[in-house]
Amino acid sequence: MATRFILTPQAAEFPATNFPQLNKVNTRPVLGFDAATSETCYWTVIVPQGWTGTVAAVISYMMASAVSGGVAFDVAIEAVTTGDALDLDNTSSFDTVNGGNDSAVPGTAGYMEQLSITLSNLDSAAAADYLRISLARDVADGNDTATGDCYVLEVEIRDGA
Amino acid sequence: MAVLSESDRVSVWAEDMRDISNIREVCAINKIDLRAAVNATDDWVDANQAAFNAALPLAARNGLTTSQKARLLTYVVAKRFLMGV
């Protein structure tokens, strides 16, 4: 297993509406995902050579205030290969979302926990592809029961190399 | 006066969670239970608004607007509970 990307809060890209707030907690940058409104952000990368095997997103998070309940996230992938008939000006082409949840957030707000989501729907991403990774808190998921913001600290993308 | 609409209750719920997050205050219940508390609070206010109005001295009862009475209630409740009086 190899670490392929470390997605930081500062490197995130935001849509025009419903995006997580870029904030700082004890000088640590975080993305604050709301508990009532589904918010989304993106990262853009190039798939490295040697990319292989099962891919997973490992989300490092802490809760702002919740000490019970769970959180759920959706990760989606858009892979664009050179010459693809996809007009980047006005089109997105994300594969089906990959959902995952942590049914029990840490019992102390501020404690860090990691949630791993296997990216089965990878949009056939291959080495050298132009890749966008979307992250959204799935507030409508039955497992997303924790109150308040979920602060995402980092997202690690691993493959099977 | 009726209870808040569903969307207004959702708005209150969301705003409360944002406030709790912003001040980093521990919240021991989950968001389903918090939503139920919003509904219960709104139901209670709806059921007791006439009693609140009747409890006001006559001058205030007749002289304050509905908004002014609502603000008064908000300030007193905030002072009593948020300030720990």
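**A chat about chains A and B**

Modeller: Let's start with chain B, which has four helices and zero strands. Keep in mind that this is a predicted model.

Colleague: Okay, what pattern does chain B follow along the sequence?

Modeller: Going along the sequence, chain B reads α-α-α-α.

Colleague: And what does the C-alpha trace of chain B span along its principal axes?

Modeller: About 40 × 30 × 15 Å for the C-alpha trace of chain B.

Colleague: How much of chain B is buried?

Modeller: Chain B has 85 residues, and buried ones make up 11% of them.

Colleague: Switching to chain A. Which strands pair with β10(A), and in what sense?

Modeller: Strand β10 of chain A covers residues 150-159, and β1 (residues 2-7) of chain A runs antiparallel to it, joined by five bridges. Then there's β3 of chain A, residues 28-33, also antiparallel to β10(A), with three bridges. Strand β5 of chain A, residues 56-63, pairs with β10(A) over eight bridges, again in the antiparallel sense.

Colleague: Now the two chains together. How many residues are in contact between chain A and chain B?

Modeller: There are 17 residues of chain A in contact with 17 residues of chain B. On the chain A side, that's seven nonpolar residues, eight polar and two charged.

Colleague: What about the largest nonpolar core: how many residues does it have, and which have the most contacts inside it?

Modeller: That core has 47 residues, and A:Phe73 and A:Val152 have the most contacts inside it. From chain A, the elements giving two or more residues are β3, β4 (40-46), β5, β6 (71-80), β8 (113-118), β9 (130-137) and β10, and from chain B there's α1 (6-22).

Colleague: Which element gives the largest share of that core?

Modeller: Strand β6(A), with seven residues.

How values were computed: Residues numbered from 1 in each chain as written. Chains lettered and ligands numbered in written order. Predicted model: local features only at pLDDT ≥ 70, side-chain atom pairs only at ≥ 80, totals over all residues. Pairing = 2+ DSSP bridges. Contact = placed C-beta atoms within 7 Å. Nonpolar A, V, L, I, M, F, W, Y, C, P; charged D, E, K, R; others polar. Core = buried A, V, L, I, M, F, W, Y, C linked by C-beta atoms within 7 Å. Buried ≥ 20, exposed ≤ 12 C-beta atoms within 10 Å, placed from the backbone.
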